[in-house]
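Colleague: I'm new to reading models like this one. Please take a close look at the side chains that pair up, and tell me how each pair is set into the chain.

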Amino acid sequence: FHVHFGFDAIAPQVMEDIVHELRSHRVPLVYTVHDLRNPHQPEPEQHRELLDVLIPAADSLITLTPGAAAVVANNWGRECSVLPHPHVIELENFDRARPPATDFTVGVHVKSLRPNMDPFPVLDTLCATIATLPGARLVVNVHDEIFDPDNHWYAPQAANRLTEYARRRDVDVVVHPYFSDDELWTYLMSLSVSVLPYRFGTHSGWLEACYDLGTAVIAPSCGFYSEQQDCKVYGFDEHHFDAESLDRCVRELYSEEPVRLSAAMRTRQRRLSASAHREIYEKVLA
C-alpha cells in the first residue's frame, strides 16, 4: 500500500485505523513524503498529525530531496530513500519545439490563490524589475474561479488587486479556467522564467515540468525546491521576503540560456526510480 498524497481530508484516527487494517492483513505500507507542509492548508498542525501517524507506521519511506530526508530523520528518527522527482510531461512531448524567443517573459501563475501563495510582494518587485529590462514582460495568470461569487475560491479583493497590474504597459493579466495538460505545456513554453510565489511548501511538480520544457524557474527559499533542480532562489517564507534577491535572480536569468532536460536523461532517471521502487517493494514484502 503506497501513499503519496491526497489524504488531506482523512482524520488522524481514520488513518490509524487504515494502518491497523494493513498490519492485520500483513500488507506493507510505503509512504513517499512529498509534503512536509501541506500547501493547501494555512496552518501546519492538521498535516503534521497525519505525518505523525504515517511516518512511524511506514515499513519504508521515500522522499525527493536530501533536505526533506534530513527533516524526517530529525523529527521522527526515520531514514528515507531519496529518489528524485521524475519527469512531469510525457516523454513523447520532449521533442516539442519552444516558440522563437523574442521577448524576455516572466510568468507568475497564482492559480486559485491556495493558502501557501502570497503573490503581491512578488508581483510588486517583478513589476519594478521588468520596467528596467528592455524587451521584458510580466505575465500574471489566474484562475477565473476567484472572480465567481458562487465558487469556494472566490476572492474579490485579491481579484481586483490582481487586475490592477494590467494597467502597466509591460504587464499582462490573463484570467482563464484551469488549463488542460496541453494548454499548460504551451503556456509554460511561452515563458522565459516561471516564478513560484510560495511562502511555504516542500516540493514542486510545476518546477519539474518547467525543466522538462526548458523554462527557467525562480523558487522561494522555503521548502526544498532548490534541491530538486539547479534553479534560482530568492528569499521568501512565512517570516520574510527579500525583494533584492528576487530582483537579482531575474537580472541573472535575463542574460542566461535556460536549461532543458532531455528525454534520454529523464528516461534514465525513470528507469532508476522504477528499479529502486521494485527493490523497496521486494524488501518490505520479504
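**Paired side chains**

Modeller: Let's start with Arg-48, which counts as partly exposed because its relative accessibility is 35%. (Buried means under 20% relative accessible area, exposed means over 50%, and partly exposed is in between, using a 1.4 Å probe and protein chains only.) Before going on, keep in mind that this is a predicted model: local features need pLDDT of at least 70, side-chain atom pairs count only at pLDDT 80 or more, and totals for chains, interfaces and linings use all residues. Residues are numbered from 1 along each chain as its sequence is written, and side-chain values use heavy atoms, with hydrogens and water left out.

Back to Arg-48: its side chain meets that of Asp-52 in a salt bridge, 3.1 Å from N to O. (A salt bridge is a side-chain nitrogen of Lys or Arg within 4 Å of a carboxyl oxygen of Asp or Glu.) The two sit about one helical turn apart, because they are four residues apart in helix α2. (Helices, H or I with at least four residues, and strands, E with at least two, are DSSP runs numbered from the N terminus.) Asp-52 is partly exposed too, with a relative accessible area of 38%.

Searching the whole structure turns up 13 salt bridges. Another one joins Asp-172 to Arg-137, with the closest N and O atoms 2.9 Å apart. This pair ties together distant parts of the chain: Asp-172 is in strand β7 (residues 171-176) and Arg-137 in strand β6 (residues 136-143), 35 residues apart. Asp-172 comes out as partly exposed because its relative accessible area is 32%.

Then look at Glu-164 and Arg-167, whose side chains meet at 2.8 Å, N to O. Glu-164 is partly exposed at 42% relative accessibility, while Arg-167 is exposed at 69%.

Now for the rings. Two aromatic rings are described by the distance of their centres and the angle of their planes. Here, rings of Phe, Tyr and Trp (its six-membered ring) pair if their centres lie within 6.5 Å; planes under 30 degrees apart count as stacked, over 60 as edge-to-face and the rest as tilted. That rule gives nine aromatic pairs. One of them, Tyr-198 with Tyr-225, is tilted, at 5.8 Å centre to centre and 55° between the planes. It links distant parts of the chain, since Tyr-198 is in the loop between β8 (193-195) and α7 (205-213) and Tyr-225 is in helix α8 (residues 225-228), 27 residues apart. Both Tyr-198 and Tyr-225 are buried.

Tyr-234 and Phe-236, on the other hand, form a stacked pair, 5.7 Å centre to centre with 25° between the planes. Tyr-234 is buried at 1% relative accessibility, and Phe-236 is buried at 0% relative accessible area. Elsewhere, ring pairs link Phe-179, Tyr-187 and Trp-206 into a cluster.

Arg-114 lies over the face of Tyr-198, 5.0 Å from the ring centre, and Arg-37 lies over the face of Phe-200, at 3.7 Å. (A charge sits over a ring if NZ of Lys or CZ of Arg is within 6 Å of the ring centre and within 35 degrees of the ring normal.)
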